[in-house]
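This report looks at aromatic contacts, salt bridges and surface charge in one protein model. The sequence and structure are shown first, and the account of the side chains follows.

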Amino acid sequence: MTAHPSAVAATLKRIRLHLARSKEFPEGSARYGYEFVAPLDETGHIDLAAWRLAREECTVRRFWGNERPEEGRLIHRAGGANGATWVFDYDQGAAEDDEAGYRFGDHAFAPGEYVSLRDEDGEMHTFKVVSVEVN
């Protein structure tokens, strides 16, 4: 049974991540992070079936200090832990700019939770979920 499109729209959330505490940023930083749209289930996990129905609406905006913000999409790819990887894709024609979420499928996205992302340079960064709102 497939979900009705309006039911999918109801699950879409806008999630904001800020850089968590690190050696370089002992207090973390709201100037470095991501804001992305993803369908979350009632436990705060990304809902793969709903994503398949709403993938065009699952966007990401990367803000990184003084750099120009980047716009892209949340993509589900085969491979990685548990057979799949969630990535932020900024150029559909190139994989080298992708930023992979570390075990995004296992994490609940709720304010106060922490998640990690591997950037395009291969560096892992930890982020704090600062907000989850209806998109």
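## Aromatic pairs and their cluster

Rings of Phe, Tyr and Trp (its six-membered ring) are taken as a pair if their centres lie within 6.5 Å, with planes under 30 degrees apart counted as stacked, over 60 as edge-to-face and the rest as tilted. The model is a predicted one, in which local features need pLDDT of at least 70 and side-chain atom pairs count only at pLDDT 80 or more, while totals for chains, interfaces and linings use all residues. Residues are numbered from 1 along each chain as its sequence is written, and side-chain values use heavy atoms, with hydrogens and water left out.

The structure holds 12 aromatic pairs. One of them joins F25 and Y32, whose ring centres are 5.0 Å apart and whose planes meet at 50°, so the pair is tilted. Y32 has 16% relative accessibility and therefore counts as buried (under 20% relative accessible area, with exposed over 50% and partly exposed in between, for a 1.4 Å probe and protein chains only). In the pair of Y34 and F88 the centres lie 5.2 Å apart with the planes at 40°, so this pair is also tilted. Because Y34 belongs to strand β2 and F88 to strand β5 (residues 84-89), the pair ties together parts that are 54 residues apart in sequence; strands here are DSSP runs of E with at least two residues, numbered from the N terminus. Both Y34 and F88 are buried. One aromatic cluster is formed by F25, Y32, Y34, F36, W64, F88, F104, F109 and F127.

## Salt bridges

A search of the whole structure finds 9 salt bridges, each being a side-chain nitrogen of Lys or Arg within 4 Å of a carboxyl oxygen of Asp or Glu. E35 is bridged to R16, with the closest N and O atoms 3.0 Å apart. This pair links distant parts of the chain, since E35 lies in strand β2 and R16 in strand β1, 19 residues apart. R16 counts as partly exposed at 23% relative accessibility.

Between R103 and D106 the closest N and O atoms are 2.7 Å apart; R103 is partly exposed, with a relative accessible area of 39%, and D106 is likewise partly exposed at 36%. Salt bridges that share partners join R62, E67, E70 and E99 into one network.

Conventions
Helix = DSSP H or I, 4+ residues; strand = E, 2+ residues; numbered from the N terminus.
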